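Have a look at the structure first, then read on.

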Amino acid sequence: MREEIMMAAGETMLLIDQSRCVGCHACETACKMENNVPPGPRWMEVVEHESVDAAGDVALSFLPLNCRHCADAPCIAVCPTQALARDGLGLVRLERERCIGCGECLFVCPFGAPQFGEDRLMQKCHGCRERRARNLPTACAQYCPSGALRCATPRELSHLVRTSRAALGAARAD
Amino acid sequence: MQTPEVWSRHTELVLMWGCNASAAGIHQEIGYLYDAMERGARLIVVDPIVTAVASKAHLHLRPRPSTDAALALGMINHIVSRNLHDQDYLERHTQGFSQLMEEAGQWTLERTREVTGVPEGLIAQAAEEYATHRSLLECGYGHQRYTNGHRTQQAISALAAVCGHMGQPGAHCNFMEVGAAYTGFLNSARVQNPPGADIKKTRLISISHFGPALRAAQDPPIKGIIKWRGSLITQQPDARGMIEAVKGLDFLVSIDQFLTDDTDWSDLVLPACTIFEQWGVHPSYRHQYLQLQVPVLEPQHESMPDIDFWAELARRMGYEAYFPREWTGLDWLRLLLPDDFPLEQAMHPHGPVRLPERFCPPVPNWDGNFQTPSGKIELYSGVYAERAQRFPGEWDPVPRYVPSAESPDGDPERAARYPLLVVSQHPATRTHSQFGNLPYIQEIEGPATAMLHPDDAAARGIAEHDRIRIYNDRADSHVLAHLTRKVLPGTVELDSGRWIKTGGNVNLLIHPRAAGPRDVGDGVMAEYDMQLDGHTIPYFNLLVEVEKA
Amino acid sequence: MRHVVLGAGPAGLAALASIRRADPSARITLVSGEPGPPYARMALPYYLSGELSGRLLYPHPASWYRSPGVELRFGDPAEELDLPRREVLLAGGDRLRFDRLLIATGSRPQLREAPGIHLPQVHTLWTLADARRLRRKAAGAQEVVIWGAGMVAFLAAKALLAPGRRVHFVCRAEHLLRRALDREAAALLEQVLEEAGAVLHRGVNLAEIRPGPGKRCRVLLTDGRELPSDLVLVALGVLPNLDWLGDAPLARRQGLLVDGSLETSASGVFAAGDVAEVPDCITGEPVVPALWSVAVDQGRVAGLNMAGHRLSCDPALRANTIVFHRYVVATLGCPLLQDGTVVHRQLDRARRTYRCLVLSRGRLVGAILAGDVTAAGYLRTLLRRGVRVADPDEVWEAVP
Amino acid sequence: MTVKQLLHLDPQRCDGCGDCVTACAALGHPARLRVRSSAANPGANGALACCRHCERPLCAAVCPTACLQVGSNGVVLPRPERCVGCRLCLVACPLGGMVFDAQGKAGKCDLCLELGRRGHPPACVASCAKGALQLVDLGNQSALQRRALAEHRGAHLKHHLGGGPSRAGGA
């Protein structure tokens with residue numbers, strides 16, 4: 001069972017498949033290195049959750065949490081200075097010079113995506129806009145070993161999802 | 001080893017044993033595992049810890065640490081009792097089934113449950129599913145990190161043989177091995193001893209007994225060490241004893257990129273260049289592809305490729321003829337690889353390339369032939385029986401469960417004082433002790449933390465994130481507590497590879513021992529067969545007590 | 001990069017701070033036509049009325065300006081722009097070369113010829129020098145006439161209204177602050193002013209000023225009335241300070257035309273504050289808002305863009321406060337828009353509060369608050385965002 | 001660097017009782033925060049009107065007399081002797097942070113620095129029986145949110161899969 005969350009940027013989308021994530025943090029490291037983010041702010045963070053059922057069985061879930069570039073982004077709605085806006089690629093773009101560091105975005109973001117570093121102004125995942133313009137996947141997707149993060153065109157991703165479902169269906173029919 | 005792009009397309013069930021594919025070698029396997037699961041394959045994981053990959057499994061068996069041999073024998077017995085074994089395969093390609101069953105036959109589900117703690121129904125279900133599917137057995141090192149590790153692996157391998165799950169696409173017993181090295185593809189002898197050179201054969205030191213061996217070696221005694229590409233102190237059991245042994249040396253040289261625990265004790269630190277500045281070769285534990293590493297930078301400052309250092313040392317010791325000055329790392333690689341290997345194709349952007357099939361067939365053992373004297377799988381090992389005549393050790397020809405040293409079953413007296421068993425996993429964020437000094441990694445990992453079962457914590461008045469002292473009569477280590485049911489009661493998890501100088505190193509607490517079968521005594525050996533003699537380091541044979549610091 | 005900033009008002013100072021922050025290696029020359037360190041023109045009425053001591057007129061201590069690369073030229077106004085040579089000529093004769101130039105020379109009071117306008121009793125209140133002079137002159141003044149009824153006039157009155165003194169407004173319109181307030185809000189403000197000693201002469205203009213008797217003069221109105229006066233203040237609004245540009249080839253209408261980054265028609269030359277003509281946030285029409293808050297915002301953006309950023313400046317949102325003693329009126333957006341608007345008014349004469357929301361095509365386009373202006377910041381945000389609102393209740397619900 | 005702290009109102013917990021406003025006013029100045037009852041607009045931003053101690057405060061930028069300043073601790077404070085009561089800050093602040101006293105002087109939340117020095121939480125936080133008002137630091141808040149989300153998603157995933165993906169067994 002999987003959950004797909006997609007964020008689009010022009011030609012490509014990022015598929016986040018929670019069921020494949022194993023919490024190895026490779027995406028976080030890749031993101032930090034790609035964007036030179038010092039310790040503190042985490043544009044991408046994989047959060048692990050442990051739950052125990054009545055029988056004592058332990059289940060783990062892993063959530064790669066970055067800015068999801070929401071279609072109806074609450075951060076854009078609450079930003080008092082219009083530092084956040086949707087750009088031509090459909091990404092939630094942050095214009096840091098407009099940010100006043102009021103923290104409003106943080107409190108409405110369901111993903112805890114807004115980060116505050118040394119300068120106490122907001123920073124967050126920009127969706128690897130420039131990499132994608134050069135036909136590269138997002139840094140997090142490029143270095144994800146488990147296929148939990150995949151960056152490709154909607155056509156490729158839908159094909160991927162459909163073929164894996166079809167294989168599953170065929171296997172069940174056997 | 002059956003390579004994952006083959007098994008992932010054919011297997012119906014993956015039995016992953018002692019193998020945290022979600023952290024160790026994560027880039028090599030997990031994607032293939034998911035591909036197989038998306039095709040409908042079942043996943044059974046045997047691991048005392050709820051690892052990420054275990055959390056994805058259809059069945060998860062959590063034996064008490066070091067009892068895996070009992071579990072495997074119990075599964076074998078159940079399979080045979082239900083007549084789910086592959087009689088035809090056993091007759092044609094194995095020998096010693098009856099001797100195996102003399103041992104395995106004693107392992108009823110009830111007794112297996114008593115020893116391993118795994119519920120009977122779950123053992124039976126896992127055994128039946130394994131036997132009745134086209135099943136791949138994927139072995140890690142987890143169950144081998146005990147003094148009985150060799151017996152455990154023997155038992156697990158026997159499980160695959162009993163079901164005939166060998167040598168078919170999608171059904172095999174995969175053991176972590178660098179296929180390229182085992183199959184003779186990489187001929188290290190040609191590099192260690194260049195053609196024509198007369199270099200004396202040296203003694204061998206067991207990796208598990210490094211500290212004791214340094215002191216024990218005589219005629220001549222060991223007075224100096226040059227160490228590179230590894231951590232002498234951080235990664236060895238009894239890290240403190242290791243430091244004492246190192247202090248007794250006249251001369252210690254470290255070739256390193258960073259100031260590590262080792263360099264702190266070194267007389268000389270030579271700057272190593274990074275992988276970006278030298279030639280290299282990358283085989284794998286888990287697949288059969290190979291990539292050549294091409295330098296993309298000139299060595300910076302005074303650093304030099306390791307091979308240049310060794311070549312220069314050899315020249316100054318009078319072996320100049322065998323170490324031509326114009327040779328680069330690439331020339332040494334040529335020597336290491338078969339003459340007909342297409343070097344250029346293995347380099348970026350063409351590489352990696354698959355290893356030649358004559359070394360690494362896609363479906364090994366497809367013809368039912370094995371590299372044993374009998375050409376069969378020896379469930380009763382004639383080789384062991386024979387080797388027992390030459391070397392002391394635990395050369396049991398059939399697999400048996402024998403309690404492991406320094407475990408609750410193996411040493412109840414010690415366990416009364418130090419009741420908790422430590423399992424030290426490899427974290428996904430480091431490769432052993434590598435990368436532990438990087439700020440990004442330190443941020444992601446946070447401070448050194450041990451996992452404690454909430455019941456064990458409650459009994460000791462320990463709360464989440466309390467600072468705790470993990471100790472035995474050898475040493476102690478101060479870390480933070482993380483209360484989690486990912487570990488079994490009576491078990492503590494403390495990551496391996498933490499640096500001593502940054503805190504939380506587990507090896508300080510471990511007594512140096514060797515897993516069998518061969519008893520290596522003080523660790524100094526004249527000869528050694530790495531496929532037979534075993535003696536991996538039993539890192540998990542460690543009993544401790546924990547208290548709030 | 002050599003930056004020249006002309007003007008040390010809110011726009012100029014905001015620009016200076018921005019350039020310094022964005023490019024610590026920049027060389028910046030700050031030019032001001034007025035002598036002495038930059039002061040807050042907004043605060044002059046409070047200085048004149050004695051509420052604020054002279055020393056607090058200066059927003060920044062001298063140390064604030066002292067930083068590597070910053071040079072100050074006070075009291076030496078720019079006289080000519082030599083675009084081909086990328087130089088500014090100062091009155092003192094120096095030529096300043098620039099890579100980036102900011103024109104933030106602000107406004108000057110609008111004057112109109114009238115008989116007697118040059119009499120010694122006639123003043124303007126714009127600069128610190130004016131305020132200092134008026135502080136002396138106003139000391140014994142009992143009757144003051146203010147020619148005008150706009151914002152500058154109001155500020156003058158605010159400074160000069162005091163016990164024992166009458167201040168007359170010569171107001172051509174039906175009420176004060178005709179360009180900012182509607183009738184209802186103006187009435188409340190007028191009431192407060194009148195209680196403090198103001199006298200409004202509505203629907204008339206100044207015809208002539210005659211000297212005498214004694215130190216006084218007499219102001220003749222167009223309806224024939226005559227107001228004896230100790231002091232006459234001409235407060236007819238302000239004009240952008242652009243005359244010094246002569247025929248320099250910079251596109252201009254009311255003010256200098258700028259693009260979204262506040263760059264003028266000449267590359268590398270920016271304009272901010274009262275000299276810049278920008279689109280209005282609500283109507284989209286070009287305006288010269290001449291507002292302090294707009295100047296601060298533009299100065300900041302222009303400074304950043306001079307230092308290499310590519311920031312677009314928001315269209316000007318006109319928002320202002322009118323404060324007399326403890327009575328406050330806030331105007332936001334375009335509350336006086338007529339076409340197609342729906343106006344919601346809530347007036348409480350007893351409590352002297354008034355609030356007015358102007359909606360157009362389902363959006364808030366303007367608001368006036370009087371008496372209680374707590375909601376002003378929120379309304380400003382709603383206006384800025386162009387938030388859709390069905391009815392006024394929805395607006396008030398959004399305001400804590 | 002001192003960790004930047006600010007007040008956070010959890011609109012789900014707030015019932016609009018107004019105790020925080022009373023507690024603030026009890027300190028001897030007009031209340032420096034206002035709260036809109038969560039019933040009116042649950043979960044929406046803006047339920048709390050109070051200073052956020054912005055890093056680049058709009059109130060300070062627009063203040064003609066440089067009355068408002070960011071202290072080294074990140075707290076935005078007025079210097080009352082400089083305030084002329086022009087209210088430009090009030091109009092500039094999008095979050096309702098500015099409050100004016102009877103003399104027309106600017107005041108605003110100072111996060112109860114004085115109480116903080118003595119080890120007490122801000123008066124409003126202390127007064128909130130529902131735990132709706134909290135003093136949080138910017139970084140930890142996102143970590144908390146992420147954990148809460150993971151918890152929520154974890155439960156969801158488990159429910160979705162009918163009791164989790166694995167059947168585990170062990171000692």
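In chain B, 27 residues of domain 2 are in contact with 27 residues of domain 3; two residues count as in contact if their C-beta atoms, placed from the backbone, lie within 7 Å. Keep in mind that this is a predicted model: local features need pLDDT of at least 70, side-chain atom pairs count only at pLDDT 80 or more, and totals for chains, interfaces and linings use all residues. Residues are numbered from 1 along each chain as its sequence is written, while chains are lettered from A and ligands numbered from 1 in the order in which they are written.

On the domain 2 side, strand E7 (204-205) and helices H12 (210-216), H13 (239-247) and H14 (261-264) of chain B each give two or more residues. H12(B) gives the most, with five residues. Helices (H or I, at least four residues) and strands (E, at least two) are DSSP runs, numbered from the N terminus.

## What that side is made of

Sorted by class, the side of domain 2 of chain B that touches domain 3 of chain B has twelve nonpolar, ten polar and five charged residues. Here Ala, Val, Leu, Ile, Met, Phe, Trp, Tyr, Cys and Pro count as nonpolar, Asp, Glu, Lys and Arg as charged, and the others, Gly among them, as polar.

## Where chain C meets chain D

Over here, 27 residues of chain C are in contact with 28 residues of chain D. Helix H8 (376-385) of chain C is one of the elements giving two or more residues to the chain C side, and H8(C) has the largest share, five residues. That side divides into 18 nonpolar, five polar and four charged residues.
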